[in-house]
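Subject: Structure handover

Hello,

Here is the structure we talked about. Please open it next to this email and follow along.

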Amino acid sequence: MNREEETGCFERTTTQEESWFLRLKAFWNRIIYGVQHEIPKYTEEAEEEEKGNPFLPKLRSILEHLLPMYQISYREFHPLLIDTDTPPESLLDDDPAEIVLDQISDDLNFLRISTDRPAYFSDYIHRMYEESGLVVQIEHKGQEVLEDVNVILDLEERGDCSRKYMREHILYIPVFKRKWNRLETLQNLDISIPIGYNTVIVKGIS
């Protein structure tokens, strides 16, 4: 066992001993003073990072703040949506792709979707053509990114950020692969968002 593994085991044992001590202390307080404290629980789940992106329902507002920072109007917004690689297991759970499309569709003049499940988007494609005349383009994952795309919304969760999307004229936004951080605890949100290799602060999200 290497030093890092030994250190990890030591830290976990210490945490478990602290939990045992707190339980014993709470027991004696309950016996002697009649006081009952909530006993903190040690769980491996607490060590796991929060999954998902809590800011996803605010994506439209975030984009409306973000795009002008790169001199892109919403009319000039030409996104490539890379479909999720982890669709919901239950019909009761929201699909990330659907959440995004519901927000960005109004006033959209261009959309390409990279997906391994084209049939899933057939109703959306038909609706967009009937309502706005927008022809949504569908392609299979792994194809070359064309020059007419200026923003990539990557909904995949697995793997690292792909280097092939890191281009000077493209805003590559990994929605799940890199964590978005909240900077303020005020009424409006200031959010740190990864764009390509960099991080951009978007202020005043309501």
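D107 is exposed, at 58% relative accessibility. (Exposed means over 50% relative accessible area, buried under 20%, and partly exposed in between, with a 1.4 Å probe and protein chains only.) This is a predicted model: local features need pLDDT of at least 70, side-chain atom pairs count only at pLDDT 80 or more, and totals for chains, interfaces and linings use all residues. Residues are numbered from 1 along each chain as its sequence is written, and side-chain values use heavy atoms, leaving out hydrogens and water.

D107 pairs with R60 in a salt bridge, with the closest N and O atoms 3.8 Å apart. (That means a side-chain nitrogen of Lys or Arg within 4 Å of a carboxyl oxygen of Asp or Glu.) D107 sits in the loop between α3 (96-104) and β2 (112-114), and R60 in helix α2, so the pair ties together parts 47 residues apart in sequence. (Helices are DSSP runs of H or I, at least four residues; strands are runs of E, at least two; both are numbered from the N terminus.)

R60 is buried, at 16%. R60 also forms a salt bridge with E64, at 2.8 Å between the closest N and O atoms. Both lie in helix α2 (residues 59-66), four residues apart, which is about one helical turn. E64 is partly exposed, at 44%.

Next, D148 and R112. Their closest N and O atoms are 3.2 Å apart, in a salt bridge. D148 is partly exposed at 35%, while R112 is buried at 5%. Shared partners also join K141, D154, E156 and K177 into one network of salt bridges.

How many salt bridges are there by this rule? The count is 10.

Best wishes
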